[in-house]
Amino acid sequence: MIESIHIENFKCLEKLTIHSLSRVNLIIGKNNTGKSTLLEAIALYASQADLKEIARILKDRGVIFTQTSASKSITEYNIENFSSLFTNRHVGFQPPDRILIGTHVNTLFGKEITLESSVSLRFVKYNTEIDEVPNKTNKNIEQLDNEIFIRNYGFGIEIRNGLMPRILPLDDERLYSRPIFRNTDTVTNFQFVRTYDQAKEVNGNLWDKITLTEKEAYVIQALRIIEPRIERIAFVNDGDRFRSA
């Protein structure tokens, strides 16, 4: 369970710390004050900054752009996409410009946000070096902001999961479909429930996981509070490519 959350530079949440979270939490506030953004930040943390989760956040908010003009490169479109995740759409290349989401852990100096307990995203300029032995490509981050040498740099997004950093080139057309970290055994099992509807394929897949278990009976029992005539539930093809209950 996530017991606390700290967020920096994520959308409208320039800096937010919630020191205590429980199993059930009530988040209230006026429209456009960051309630959904807080949930998205928690989902991003729980997924360990998985690209599929990032793409879902962008698509749900209608801010994922595709290349439709010859005047813009793939890199420019990807920068435009990712910048929507940053406060004020700021595109910066220094460590303080990063999105940081983490939880408080006990250290020698008290409860703190550590690299091990956080994920982060930031724009980087990098150059590429190839080691002949053992034939490995390394991406080195450049901290200089001298635009005279920008032609020698690549633009990337650095995604850090704990102590594991990964630089993804922003000139990649298939960026959002690529796996980032091989070890996903520690990813928290979570389900993000959108505020407006839920995709049919998501409902079907979730139901398949509890079919013929005690959880199925528990859900049906809960649904009978709303509709007492419910006997059982199954998801079947309804003519389109998704299944309906």
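Predicted model: local features only at pLDDT ≥ 70, side-chain atom pairs only at ≥ 80, totals over all residues.

Inside, the largest nonpolar core has 32 residues, and helix α2 gives the most to it, with 5 residues.

**Confidence**
- Strand β1 (residues 5-10) has the highest confidence, with a mean of 96, while strand β5 (residues 136-142) has the lowest, with a mean of 64.
- Take care with residues 144-150, where pLDDT stays under 50 and the model has 8 contacts beyond four places in sequence.

**The nonpolar cores**
- In the largest core, the residues that touch the most other members are Ile54, Phe82, Leu85, Ile101 and Leu121.
- Two or more residues of this core come from each of β1, α1 (35-46), α2 (51-60), α3 (74-83), β3 (99-107), β4 (110-131) and β6 (154-161).
- As a rule, nonpolar side chains in soluble globular proteins tend to be buried together.
- What does Ile54 touch, leaving aside residues up to four places away in sequence? Its partners are Leu44, Ala49, Phe82, Leu85, Leu121 and Ile159.
- Another core, of 5 residues, lies apart from the largest one, and its members include Trp207, Ile210, Ile220 and Phe235.

**A closer look at helix α2**
- Helix α2 is mostly covered, as 7 of its 10 residues are buried.
- The buried ones are Leu51, Glu53, Ile54, Ala55, Arg56, Ile57 and Leu58.
- Asp50 caps the N-terminal end of α2, with a side-chain oxygen 3.0 Å from the backbone nitrogen of Lys52.
- Just after α2 comes Gly62, which takes a positive phi of about 70 degrees.

**Aromatic rings**
- There are 3 aromatic pairs in the structure, and ring pairs link Phe86, Phe93, Phe123 and Phe155 into a cluster.
- Phe93 is buried, with 14% relative accessibility, whereas Phe155 is partly exposed, at 26%.
- Two rings have a charged side chain over the face: Arg56 lies over Phe192, at 4.0 Å from the ring centre, and Lys72 lies over Tyr77, at 5.4 Å from the ring centre.

**Two buried threonines**
- Thr87 lies in the loop between α3 and β3, and its 11% relative accessibility makes it buried, because the cut-off is under 20%.
- A polar atom of the Thr87 side chain lies 2.7 Å from the backbone oxygen of Lys11.
- Leaving out residues up to four places away in sequence, Thr87 touches Asn9, Phe10, Lys11, Leu13 and Glu14.
- Thr114 has its place in strand β4; at 18% relative accessibility, Thr114 also counts as buried.
- Thr114 touches Val105 and Thr107, again not counting residues up to four places away in sequence.

Definitions and conventions
Residues numbered from 1 in each chain as written. Heavy atoms only, no water. pLDDT = per-residue confidence, 0-100. Helix = DSSP H or I, 4+ residues; strand = E, 2+ residues; numbered from the N terminus. Contact = heavy atoms within 4.5 Å. Core = buried A, V, L, I, M, F, W, Y, C linked by side-chain atoms within 4.5 Å. Buried < 20%, exposed > 50% of the residue type's maximum accessible area, 1.4 Å probe, protein only. Phe/Tyr/Trp six-rings, centres within 6.5 Å; stacked < 30°, edge-to-face > 60°. Lys NZ or Arg CZ within 6 Å of the ring centre and 35° of its normal. Polar contact = N/O pair within 3.5 Å; in protein donor to acceptor, adjacent residues only side chain to side chain.
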